[in-house]
Amino acid sequence: MGCVQIVTYASYLGSILRQEDTQRQEKPGVKMEQEALSSALSSVSLDRKIDTFRLYIVTWNVATAEPPEDVTSLLQLNSSKKADLYVIGLQEVRAAPLKFMTDLAFDDSWSHLFMNTLAPLGYIKVSSIRMQGLLLLFFSKIEHVPFIRDIQVTYTRTGIYGYWGNKGGVTIRLSFYGHMLCFLNCHLAAHMKYASERVDEFEYILDSQTFQGKKASSILDHKVVFWFGDLNFRIEDHGMHFIRNCITSKNFNLMWSKDQLTVMKKKVPKLQQFEEGPLDFQPTYKFDLNSDNYDSRVQKAWFGLNGKKRKPAWCDRILWQVKPRPPPPEDIFEEEDDDAAKEKKKQLLEDLTEKYPLKVVQDSYTSNMEYGVSDHKPVIGMFRLELRKMYDIPLVRLCAEGDWSADLDAMVTYSPLQPFPSSAWDWIGLYKVGFRSISDYITYTWVKDDQVAFNDEVVQVYVSKEEIPVRGGECLLCYYSSNLQCIVGISEPFKVHESRAAIEEGLLPENINGLDQAIAS
């Protein structure tokens, strides 16, 4: 099991202080001041509450296959350690022209499977992006959703000289309790001889993807970057017989030195910034379909000749990088006799420490051999994000006023709890409890157009009875910010009652308007 811990910024600055102490021993008073600052830094890291969140990442080249019936094992849903976040990166999702256009309009079969599996457990799809066969999905427990902000997605093509999207990278970036996270799902060039091209493609993706805003305008500006996918790096030099013997005997470490990604990390500075757990699982490519047997088919080559079988390889990988800490200001080490100046230094170091997650830990890095729909096996990485929340209050608090049913117009009350850039395009959606994604609303109301009363603290918004489902059900309300492109407030669940008028007139159980179809589904 791999475990990588990122030291606190306080420890980092403390080491710099000790370095400066060695270099400036000739200056009286500096040593005592630096020891005092070191002590202050240690206390900074101890007196703040640290929260732990579990992140579950899956990467899988699905080789154009339709999804299996069940992904309980893939997502480890029976585990006692429940994930807070699921990030699922797929490659080679079937992208035939007609199917691709249908998927864009109605979501693809893989997205449906994951949404239908996770929604009943309290997860919603917060964001997704697709570029031909590349698909990236981000799910969160519903209680974290109001604290996931600044969501942006982008993509980069690298296939056929950058014009085709069968290869490349798709990215979701977001702020999680104030910490900027980035998730990059890649499918890089295939075949043994193209290791350098794979690195070039990765660097091109890093350089070409940009984001709006000042917090993190490029991938490597984010505090934590997770890079995963079918990276297609192979095992060089070793022959088929040696590799298969290593796999059978579980001596995976004998192959590490010839793994192309491991080799390239020693040469390429940008790769050296990324961490990866030990490859203590068997290579995940290439398998016979619906089998645990490595490639046994006879490959057809030119002129009817038989080609070589593909050697097993760790094509499917999950890596991560924590952004290097900037050095403290140079004058932080200047000798000061003034107590106010010393306090200012302590506050500055405390502020710097406040900005960064303290630790990223990988709890597990493995593959799942149960699934055989593809010639790749899925790879799973489980992480703990131990960080200090920069905020824990949603931007908006909202609730449903009084009893709700399709017999009477209804009212929503909301209160902005913190300043944020509201817009005439903000809306409040009515959702069924257990909804799958932001677009699963039953109905919605514009917060400005349908506003009926407001003061400095509370705003009331009208909802027409014509928009309320006659069947009723357990529902909740979500406030969606158009400027922030995310949900910034969620109400407590409440009951929408069945329409008495519809019952008396015998209109139930049939649907009397299209909204009931959403509730019935």
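These entries record what I looked up in the structure, by topic.

**Basis**

I worked from a predicted model, in which local features need pLDDT of at least 70, side-chain atom pairs count only at pLDDT 80 or more, and totals for chains, interfaces and linings use all residues. Residues are numbered from 1 along each chain as its sequence is written, and side-chain values use heavy atoms, with hydrogens and water left out.

**Aromatic pairs**

I took rings of Phe, Tyr and Trp (its six-membered ring) as paired if their centres lie within 6.5 Å, with planes under 30 degrees apart counted as stacked, over 60 as edge-to-face and the rest as tilted. By this rule I counted 30 aromatic pairs. One of them is the stacked pair of Phe183 and Phe226, with 5.4 Å between centres and 5° between planes. I located Phe183 in strand E7 (residues 179-187) and Phe226 in strand E8 (residues 224-230), 43 residues apart; strands (E, at least two residues) and helices (H or I, at least four) are DSSP runs, numbered from the N terminus.

I then checked burial, where buried means under 20% relative accessible area, exposed over 50%, and partly exposed in between (1.4 Å probe, protein chains only). Phe183 is buried at 0%, and Phe226 is likewise buried at 0%. The rings of Phe226 and Phe383 have centres 5.1 Å apart and planes at 65°, so I noted this pair as edge-to-face. Because Phe226 lies in strand E8 and Phe383 in strand E13 (residues 379-387), the pair ties together parts that are 157 residues apart in sequence. Phe226 and Phe383 are both buried.

I also found a cluster linked by ring pairs, made up of Trp425, Trp427, Tyr431, Phe435, Tyr441, Tyr444, Trp446 and Tyr480.

**Charges over rings**

For a charge over a ring I required NZ of Lys or CZ of Arg within 6 Å of the ring centre and within 35 degrees of the ring normal. The charged end of Arg149 sits over the ring of Tyr391, 4.1 Å from its centre. The charged end of Arg198 sits over the ring of Phe233, at 5.2 Å from the ring centre.

**Salt bridges**

I counted 14 salt bridges, each a side-chain nitrogen of Lys or Arg within 4 Å of a carboxyl oxygen of Asp or Glu. In the bridge between Arg317 and Glu276, the closest N and O atoms are 2.7 Å apart. Arg317 lies in strand E11 (residues 316-322) and Glu276 in the loop between helix H10 (269-272) and strand E9 (299-300), so parts 41 residues apart in sequence are tied together. I found both Arg317 and Glu276 buried.

Which residue forms a salt bridge with Asp363? The partner is Arg384, at 2.9 Å between the closest N and O atoms. Asp363 is buried, with a relative accessible area of 16%, whereas Arg384 is partly exposed at 23%. Arg384 also meets Glu386 in a salt bridge (2.9 Å, N to O). Through shared partners, salt bridges join Arg54, Lys359, Asp363, Arg384 and Glu386 into one network.

**An open sheet**

I traced an open sheet of four strands in the order E14-E16-E20-E19, with antiparallel pairing; two strands pair if DSSP finds at least two bridges between them. The edge strands, E14 (396-401) and E19 (451-454), each pair on one side only. E14 and strand E16 (residues 410-416) pair over six bridges. Within E16, Thr413 is the bridge partner of Cys399.
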